[in-house]
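Here is a friendly walk through the structure below, written for someone who likes cut-offs spelled out. We start with the chain as a whole and then move to its sheets, cores and a loop.

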Amino acid sequence: MIFTDMELREILLTEDNVFLEELYSRAREAAKATFSNKIYIRALIEFSNYCKEGCYYCGINRTKTSVKRFRLKEEEIYSAVESAYEAGFRTFVLQGGEDMHFTDEAFARIISHLHETYDAAITLSLGVRSKEAYKMFKDAGADRFLLRHETADAEIFKKLHPAEQSLERRLRAIYDLKELGYQVGTGFMVGAPYTSVDSYIKDVKLIRDIDPAMIGMGPFIPSKGTRFESYPHGTVEMTRKLLAVLRLEHPKALIPSTTALNTIDDNGRKLGILSGANVIMPNVSPKFARESYNLYDGKKASGLEAIEGVRALNDYLKEFGYEIEFSRGDYNV
């Protein structure tokens with residue numbers, strides 16, 4: 001289904017709990033119609049918190065001197081993937097800052113090794129690179145790419161990023177990825193500085209145009225030492241509304257219940273799933289990396305978010321009628 005602008009505004013502004021519970025119920029049913037009660041899990045490997053970009057909200061931006069920087073060696077990446085594969089994971093997500101120490105050729109080598117060694121999907125979250133680099137990664141065996149647009153409002157984008165970045169540049173990369181045949185994921189921050197109901201409507205409409213395989217969306221959480229460290233975090237309520245809307249507009253999309261949502265509410269993971277989400281991404285990075293890859297303050301990167309808690313996570317999901325699905329979970333049009 002497609003919502004009109006007026007309907008979107010009504011949903012995003014309402015405080016009618018009866019109306020909202022009906023919305024969430026419809027979103028759950030839309031997810032179950034495609035995925036049953038399965039929650040796909042992806043093994044997240046955070047390989048570097050070095051970044052050449054200076055995004056004003058980000059806890060690992062290049063200007064932040066208090067960050068304890070790390071960069072996994074190739075052998076450490078392979079070891080994390082091996083442990084995750086043995087635990088049953090069949091999708092690996094390589095995520096990091098825009099760290100040019102990892103050249104295009106280095107990434108292609110890593111991807112090729114994983115592709116040849118494991119019967120699993122390879123997802124990348126590396127930021128903006130050239131179309132030629134994206135093609136190199138695809139040829140090496142990458143299947144998916146996550147690149148959030150962050151906000152569909154170009155003026156807000158300018159206020160959140162240094163001048164060398166632009167929404168146009170980000171969108172050009174997203175469409176390059178689609179043209180190359182990736183299963184593409186995009187998304188935005190809920191409650192980020194300057195955002196509003198009007199900007200969220202733009203986000204929903206942009207995602208409609210992109211028609212992504214994956215939609216990653218969670219609440220903004222401030223990070224100390226950044227320009228917006230005193231700004232309030234996004235809310236569970238607005239995040240749930242937008243999750244439900246996007247599930248209803250994209251019934252086959254893979255939509256995570258994010259770590260950020262669970263960070264601002266101990267029940268956030270469950271609330272995300274009950275709003276239409278169907279993916280969780282346990283962190284399988286080495287412990288020192290989990291503790292240092294902090295895009296925002298208070299990140300939950302242990303317990304159920306870590307590989308050690310997968311069995312507990314499955315027990316948790318069963319309490320409200322869901323269960324883990326380990327398979328690749330490719331997007332099917």
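## The chain as a whole

Of the 333 residues in the chain, 60% count as buried, where buried means under 20% relative accessible area, exposed means over 50%, and partly exposed lies in between (1.4 Å probe, protein chains only). This is a predicted model, in which local features need pLDDT of at least 70 and side-chain atom pairs count only at pLDDT 80 or more, while totals for chains, interfaces and linings use all residues. Residues are numbered from 1 along each chain as its sequence is written, and side-chain values use heavy atoms, with hydrogens and water left out.

Along the principal axes, the C-alpha atoms fill a box of roughly 50 × 45 × 35 Å. Contact means heavy atoms within 4.5 Å. Among contacts between residues at least 6 apart in sequence, 77% join residues at least 24 apart. The chain has 13 helices and 11 strands, which are DSSP runs numbered from the N terminus (helices are H or I, at least four residues; strands are E, at least two).

## The six-stranded sheet

In what order do the 6 strands of the open sheet come? The order is S2-S3-S4-S5-S6-S8, with parallel pairing; two strands pair if DSSP finds at least two bridges between them. The edges are strand S2 (43-48) and strand S8 (214-215), each of which pairs on one side only.

Strand S3 (residues 91-96) has neighbours on two sides. With S2 it pairs in the parallel sense over 5 bridges, and glutamate 46 stands opposite glutamine 95 in S3. S3 and S4 also pair in the parallel sense over 5 bridges, with phenylalanine 92 opposite isoleucine 122 in S4. Further along, 2 bridges join S4 (residues 121-125) to the parallel strand S5 (residues 144-146), and the bridge partner of leucine 124 in S5 is phenylalanine 145.

## Crossovers and the covered strand

S2, helix H3 (residues 74-86) and S3 make a right-handed β-α-β unit, and so do S3, helix H4 (residues 104-117) and S4. A crossover is right-handed if, with the strands pointing away from the viewer, the path from the first strand over the helix to the second runs clockwise.

In a regular strand the side chains alternate between the two faces of the sheet. In S3, Thr91, Val93 and Gln95 lie on one side and Phe92, Leu94 and Gly96 on the other, and all are buried.

## Two nonpolar cores

A nonpolar core is a set of buried Ala, Val, Leu, Ile, Met, Phe, Trp, Tyr and Cys residues joined through side-chain atoms within 4.5 Å. Which of the 57 residues in the largest nonpolar core touch the most other members? They are Phe92, Leu124, Tyr134, Phe137 and Leu317. Apart from this core lies another, of 30 residues, among them Phe3, Leu12, Leu20 and Ile215.

Leaving aside neighbours within four places in sequence, the contacts of phenylalanine 92 include Ala43, Ile45, Val81, Tyr118 and Ile122.

A second open sheet has 3 strands in the order S10-S1-S11, with parallel pairing. S10 and S11 stand at the edges, each with a single partner strand, so one side of each is left without a neighbour in the sheet. S1 is joined to S11 by 3 bridges and to S10 by 2 bridges. Tyrosine 40 has a bridge partner in each: glutamate 325 in S11 and valine 279 in S10.

In helix H13 (residues 310-318), Val310, Leu313, Asn314, Tyr316 and Leu317 are buried. They cover an arc of only 160 degrees around the axis, which puts them on the same side of H13; the arc is that of the directions from the helix axis to the C-beta atoms. These buried residues pack against strand S1 (38-41), helix H11 (268-273), strand S10 (279-280) and strand S11 (323-325).

## A buried loop residue

Alanine 192 lies in the loop between strand S7 (189-190) and helix H8 (197-210). Is alanine 192 buried or exposed? At 1% relative accessibility, alanine 192 counts as buried. Not counting residues up to four places away in sequence, alanine 192 touches Leu160, Phe220 and Tyr231. Alanine 192 and histidine 233 are 41 residues apart in sequence and 7.4 Å apart in space, C-alpha to C-alpha.
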